[in-house]
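Please open the model in a viewer and keep the selection panel at hand.

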Amino acid sequence: TSVTGIELVTAEGDLAVMGPDEISGAVVSLGALGVVTSLTLTLLPSFTVRQWVYENLPREDLDASFAEIFASAYSVSAFTTWRDLANFGRVWVKHGGDDGWTAPEHWHNASLADGQRNPVPGMPPVHTTDQGGAEGSWHERLPHFRAEFTPSAGDELQSEYLLPRGQAVAALAALNDLAPRIAALLLVCEIRTVAADGLWLSPCYERETAAFHFTWRKDTAALATLLPAIEDRLAPFGARAHWGKLFTLSPAVIRAGYPRLREFRHLMDSCDPSGKFRNHF
């Protein structure tokens with residue numbers, strides 16, 4: 001949503017500037033419009049962030065206070081392994097450096113961590129950005145991992161499903177019976193929330209969003225049977241898949257999730273009438 005201008009080279013080799021009516025269709029365009037050569041962005045003044053980690057968040061507290069927990073700071077991420085349905089796991093709470101928040105020892109019945117933690121169990125905490133309330137620039141705190149290290153586990157597969165924020169607790173419950181199968185293949189699962197936007201092919205298009213992100217062990221064959229089961233449980237909530245991660249949703253389901261898809265197709269045809277930048281997908 002920071003993008004206010006796009007310049008690209010079309011399939012015919014022409015330089016095109018996206019107009020105001022085209023920007024919302026061009027920001028998330030999956031490479032289908034052309035080769036982007038320039039972006040104009042709305043910038044924010046630099047700011048600082050402090051982050052803390054809380055451990056052993058009870059699932060019943062997450063369910064009862066989901067909206068409050070995720071609205072409590074500038075950025076909030078909850079991590080679970082799906083191995084214990086009663087204990088959701090850890091929560092990363094990131095506050096603006098000047099908002100005056102003081103971290104209590106206990107928060108929603110979770111306990112303040114006594115040192116650095118890595119979101120992925122068993123991975124070195126040295127790879128993560130500074131925690132414990134140490135103030136730092138936004139780009140050194142909002143990411144979970146330091147730029148100089150491999151993020152997450154490195155050798156992994158990922159999926160992410162985005163659904164209406166108000167349906168998050170019900171959607172988590174719908175996955176409960178799959179917990180043993182999820183846990184067997186999972187490195188870690190992150191729950192986060194995202195603001196609504198007006199970008200035609202954005203998974204957050206016109207709805208406040210809860211994102212269920214899964215970092216998987218590298219077992220493609222096993223995921224080929226698990227992902228359809230997850231997608232089936234999340235189907236009643238209108239889940240949209242992250243474009244750049246693994247999913248098995250049918251074309252019909254994908255199309256149904258994007259009410260501006262027809263307009264995007266017109267934009268795509270105007271920029272690339274011969275389909276030079278298109279593939280089978």
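Begin by selecting T1, R192, T193, V194 and A195, which lie nearest the centre of the largest pocket, among the 24 residues that line it. A pocket here is an open set of points on a 1 Å grid over the protein atoms alone, where a 1.4 Å probe fits and protein lies on both sides within 12 Å along at least five of seven lines; lining residues have an atom within 4 Å of a point. The model is a predicted one: local features need pLDDT of at least 70, side-chain atom pairs count only at pLDDT 80 or more, and totals for chains, interfaces and linings use all residues. Residues are numbered from 1 along each chain as its sequence is written, and side-chain values use heavy atoms, with hydrogens and water left out.

The space in this largest pocket amounts to about 820 Å³, a volume being the space filled by probe spheres set on the grid points, which are joined across faces, edges and corners. Next, select β5 (75–80), β10 (157–164) and β11 (186–194), each of which supplies at least two residues of the lining. Strands are DSSP runs of E with at least two residues, helices are runs of H or I with at least four, and both are numbered from the N terminus. Which element has the largest share of this lining? That share, four residues, comes from β11. Coloured by class, the lining shows 12 nonpolar, eight polar and four charged residues. Nonpolar covers Ala, Val, Leu, Ile, Met, Phe, Trp, Tyr, Cys and Pro; charged covers Asp, Glu, Lys and Arg; the others, Gly among them, are polar.

**Strand β12**

Select T209, in strand β12 (residues 209–216). T209 is buried, with a relative accessible area of 0%; buried means under 20% relative accessible area, exposed over 50%, and partly exposed in between, for a 1.4 Å probe and protein chains only. Residues up to four places away in sequence aside, T209 touches L162, L163, R165, R192, T193, V194, P203 and C204, where contact means heavy atoms within 4.5 Å. Its side chain also reaches the backbone oxygen of R207 at 2.9 Å.

Remain on strand β12 and select T215. Is T215 buried or exposed? T215 is buried, at 2% relative accessible area. The side chain of T215 makes a polar contact with that of H213 at 3.0 Å. A polar contact is a pair of N or O atoms within 3.5 Å; within protein, one must be able to donate a hydrogen and the other to accept it, and residues adjacent in sequence count only if both atoms are side-chain atoms. Neighbours within four places in sequence aside, T215 is in contact with S152, E156, L157, Q158, L186, L187 and V188.

**A loop residue**

Now select P121, in the loop between β8 (110–112) and β9 (136–137). P121 is partly exposed, at 47% relative accessibility. Apart from residues up to four places away in sequence, P121 touches T81, L187 and V188.

Move to helix α8 (residues 261–271) and select its buried residues, L261, F264, L267, M268 and C271. They lie on the same side of α8 because they cover an arc of only 115° around the axis; the arc is that of the directions from the helix axis to the C-beta atoms. These buried residues pack against α1 (23–26) and α7 (251–256). The face turned away from the buried side carries the exposed residues R262, H266 and S270.

The second largest pocket has a volume of about 570 Å³. Select L30, W243, R265, N279 and F281, the closest to its centre of the 18 residues that line it. Two or more lining residues come from each of α7 and α8, and α8 gives the most, with four. The lining divides into 13 nonpolar, two polar and three charged residues.

**Two backbone angles**

Finally, select N56, in strand β4 (residues 48–58). Phi of N56 is near 60°, a positive value in a residue other than glycine, and N56 is partly exposed at 46% relative accessible area. W82, in the loop between β5 and β6 (87–96), also has phi near 60°; W82 is buried, with a relative accessible area of 3%.
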